[in-house]
Each structure stands twice: as C-alpha cells, then as structure tokens.
Amino acid sequence: MAPLTIQQATKSFGGLQVLHGIDIDMNDGEFVVLVGPSGCGKSTLLRLIAGLEDITTGEIRIDGKGVSRLHPKDRDIAMVFQSYALYPHMTVAENMGFSLRMRGESAEVQRRKVEDAANILDLGPLLDRYPRQLSGGQRQRVAMGRAIVRDPKVFLFDEPLSNLDAKLRVQMRSEIRSLHKALKTTIVYVTHDQIEAMTMADKIVVMRGGHVEQIGSPMTLYDAPANVFVAGFIGSPAMNLLTGRIGADGRSFELAGGGTIRFDAPLGAAAGREVILGIRPEDVTLAEDGSPATIKLIEPTGADLHVNLDVSGTEVTAVFHERLSIEEGQAVALAVPAERVHLFDPETEARIAGD
C-alpha cells in the first residue's frame, strides 16, 4: 500500500500537449477512478504513472519516492489492461506466476502466491485450464490474479471491463470492489463509464481535454458539480441543463425558448439573474399547480419510469420511482423543489456559489 501523488504533470507528443498541469493526491489504500470522454487524457495519465510513457514535465511520487524517471519494473506497480494479454500456451497458474518466475522467485513462493491469489479470486478449480477454455470474466480474473501475485504498492486498471457484456460488467464491478477491500491497496482505475466511476470509487477525477475538471467523492460530484461539464457527465440519465432567467420573485425559471418552470420556494439570491439551470431527472415532480408540460416518451425500466417531457419546446427528462398512470401525449404539470436545483454561470459555466 502506498499514497500516490501527481504534481503539475504535463505530456506532449511533439507540438501537441495532451496533459496540462495535472495535480492529484491519492491516499494510501484509496480507490481512485479517472473518468472522462474519449480523448480527455485519462489513459495517457495512467500510462505516465505506469512508466509506459515518459512524463514531459512535473513529478510522480509513489509512497513519497519520485518515480517519474524510473523504468516501469522499478515502480512497484501492477497493471490490468483492457485486453487480458494472457499467454495462450500457458495454463492459468503459469500465466499468474509468470512475473514471479521472471523475478527469480522459488517454485514454492510461486506456488504459494498463485494459490493465495486464486483463492481470493475463486480461480482454484481453473488453475490447470488454458485461456481458450475460460469465459471473458474468468480471463479478466486471471489478469487480476497475475497483478495480485506481484504484491504491488499500486494497482492500475485500464478500462478492464469494456470487453464484457452488461451483466458481467456489473458482476465484475462488485468483484473488483471486494478485491480492493480485501487487499487495501491503492488503485487507479480508468474508465469512460460514469456508472463504473460512481459505484466503485472512493474518489473520482473528472477529466476533459487534458485538464482536471473536478476531484471528489462520488456523491460530492453528484450533489455539487463544479461546472456544467461535470454536471452533465456525472449521472444517468444526465442532468437537465436549461438556459434562461430566474424570475423576479425567485419562484420560477423563464426558459430561453419560452415557457416557465415553477419552484416550490423562492431562490432569493438568484432572482432576476440569467443562469444555466440544472435539474436532476429524479428531482422533477408532477404537481397540479405546476408548469404545463406534455409527455413525449415513456421508457419503463422496471424499477423506474424514464419520461421525456416537452415544456414549451424544451425537452426535460424525468425519472419517477413510483408507477404512474400516464401515457404519451398526455398533458401534465411539473414542479421542481427549489433546494434541489443547481445554478451555473452562463458565461464561465462554473457553479454559482451558494446555490
């Protein structure tokens, strides 16, 4: 176990700078997820930590030791890739113990460490099989086992679940989280899937365009996004982001395209101000004295109803946890609790303090 610190890290490929002054502090034993859209720099940053790419400027420290100029094998890290990268001619046991053999560990140490990792990952009955005889989830567990036997200070995961089907991804998320609790090792995990980030992380680092947009716990990012980008990226379905002006009485929001959304209490500090209004879909309610809207689309998921509403030409997404007797084309009235709205500056897109 070890803390990991990244200080003012930059990375350029020729004249193209892809990382811009990254600062992240990861505590000992913390599960940190780097998340963002494709091309945001999260995988490049992971490769800098691993030593697979050279850092341009800045510093990376593991357990207080500068590792920026060290060879990957000298950094005491283990990496699990998107592709399982298993040797097809080796058994599960041989794949898991390969790095130990290369390190010159005795046969007894290899056997013990492989068996210990196999017990943690429930791979005991599969040790004599070859990769071709395994399912996708089993191959991923073997790849994790190969990392575990090295007993590293830091685990690095590069989108390890993207090749699995939806049901297996849910299962593997739980298994990786349980593995972290058992090993208590610092983990840096890269994904573009914000659901993975929310369900697995102690700390999330949201990236865009080679910059860090916000760092915080999953619920901090969900409840208090720092800007419009984080607000729209974290959460599924995505937050409704609407442009317009808070009414003079603070009790309503006048949409730029026409129409009004009413609040159940006044937003005094923002009254009369132009803003970007953020509303989580689950915070939209139906009320007899609410704002007129028309149901455009209903998507039942079993536990919830996802509903697209039209408010004077503006689309608003709602999630209802109860089973409502509603139908597409029906006229309804919606309202939003004032304490649940998010306000952003339309010019800077930053969160407005005090909302």
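1. In what order do the nine strands of the open sheet run, and with what pairing? The order is E17-E16-E15-E18-E13-E12-E11-E14-E19, and the pairing is mixed, where two strands pair if DSSP finds at least two bridges between them. Strands (E, at least two residues) and helices (H or I, at least four) are DSSP runs, numbered from the N terminus. Strand E17 (314–320) and strand E19 (342–344) each have a single partner strand and stand at the edges, so one side of each is left without a neighbour in the sheet. On average, and with direction ignored, neighbouring strands of this sheet are turned by 45 degrees against each other.

2. A word on the basis of these remarks: this is a predicted model, in which local features need pLDDT of at least 70 and side-chain atom pairs count only at pLDDT 80 or more, while totals for chains, interfaces and linings use all residues. Residues are numbered from 1 along each chain as its sequence is written, and side-chain values use heavy atoms, with hydrogens and water left out.

3. Isoleucine 295 stands opposite leucine 309 in E16.

4. Valine 316 lies in strand E17 and, at 1% relative accessibility, counts as buried (under 20% relative accessible area; exposed is over 50% and partly exposed in between, with a 1.4 Å probe and protein chains only). Neighbours within four places in sequence left aside, valine 316 is in contact (heavy atoms within 4.5 Å) with residues including Leu242, Ile261, Val307 and Leu309.

5. A further open sheet has four strands in the order E2-E1-E4-E5, with antiparallel pairing; its edge strands, E2 (16–26) and E5 (65–66), each pair on one side only. Strand E1 (residues 4–13) and strand E4 (residues 57–62) run antiparallel and are joined by five bridges, and threonine 10 stands opposite threonine 57 in E4. Helix H1 (residues 42–50) packs on this sheet and touches E1, E2 and E4, its direction making about 115 degrees with that of E1.

6. Helix H2 (residues 92–102) and helix H3 (residues 107–121) pack at about 130 degrees with their axes 9 Å apart, where axes are lines fitted to C-alpha atoms, for helices over the stretch in contact, and angles run from 0 to 180 degrees between N-to-C directions. H2 and H3 are therefore oblique to each other, the term left for angles that are not under 35 degrees (roughly parallel), over 145 (roughly antiparallel) or 65 to 115 (roughly perpendicular).
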